Amino acid sequence: MKTKIKELRKINKVSQDELAMEVGVTRQTIISLEKEKYTASLVLAYKIAKYFHLTIEDVFDFSDVEDINNERI
């Protein structure tokens, strides 16, 4: 899943460590999210979006997500 986390961090001058600490994960988790190697849980996605004062949809790109019938949402 694509995210705007890296761009949002740079715009807001927030380090990976700072964001990780604020949302309760490790720096490695933030790195994995930014490299699209990890999909955030709903709770983590909410925490990240809330940190940046955005909606989950503003931070995460769901265009590649399929519904239960294997159709694009």
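I take a helix here as a DSSP run of at least four residues, numbered from the N terminus. With that settled, I looked at how H2 ends. H2 is followed by Gly-24. The phi of Gly-24 is positive, near 80°. I note that this is a predicted model.

I asked which residues of H2 are buried. H2 covers residues 16-23, and I found Gln-16, Leu-19, Ala-20 and Val-23 buried. I then checked how they sit around the axis. They cover an arc of only 100°, which puts them on the same side of H2. I turned to the other side of H2 and found Met-21 and Glu-22 exposed there.

Next I looked up what the buried residues of H2 pack against. I found three partners: helix H1 (5-12), helix H3 (27-34) and helix H4 (42-51).

**Entry: H1 against H3**

Two packed helices are described by the angle between their axes and the distance between the axes. I looked up both for H1 and H3. They pack at an angle of about 115°. Their axes are 8 Å apart.

I listed the residues that make the contact. H1 gives Ile-5, Lys-6 and Arg-9. H3 gives Ile-30, Leu-33 and Glu-34. I sorted the residues of this contact by type: 3 are nonpolar, 3 are charged and none is polar.

**Entry: the salt bridge**

Side chains of opposite charge can pair when their charged atoms come close. I asked how many salt bridges the whole structure holds. The search found 1. Glu-34 forms a salt bridge with Arg-9. The closest N and O atoms of the pair are 2.5 Å apart. Glu-34 lies in H3 and Arg-9 in H1, so the pair ties together parts that are 25 residues apart in sequence. Both residues are also on my list for the contact of H1 with H3.

Are the two partners buried or exposed? I used the cut-off for buried, under 20% relative accessible area. Glu-34 has 16% relative accessibility, so Glu-34 counts as buried. Arg-9 has a relative accessible area of 9%, so Arg-9 is buried too.

**Entry: Thr-29**

I then went to Thr-29, which is found in helix H3. Its relative accessible area is 19%, so Thr-29 is buried. What does Thr-29 touch, leaving aside its neighbours within four places in sequence? I found Thr-29 in contact with Tyr-38 and Leu-44.

Terms used. Residues numbered from 1 in each chain as written. Predicted model: local features only at pLDDT ≥ 70, side-chain atom pairs only at ≥ 80, totals over all residues. Heavy atoms only, no water. Buried < 20%, exposed > 50% of the residue type's maximum accessible area, 1.4 Å probe, protein only. Helix = DSSP H or I, 4+ residues; strand = E, 2+ residues; numbered from the N terminus. Arc of directions from axis to C-beta. Contact = heavy atoms within 4.5 Å. Axes fitted to C-alpha atoms, helices over the stretch in contact; angles between N-to-C directions. Nonpolar A, V, L, I, M, F, W, Y, C, P; charged D, E, K, R; others polar. Salt bridge = Lys/Arg side-chain N within 4 Å of Asp/Glu carboxyl O.
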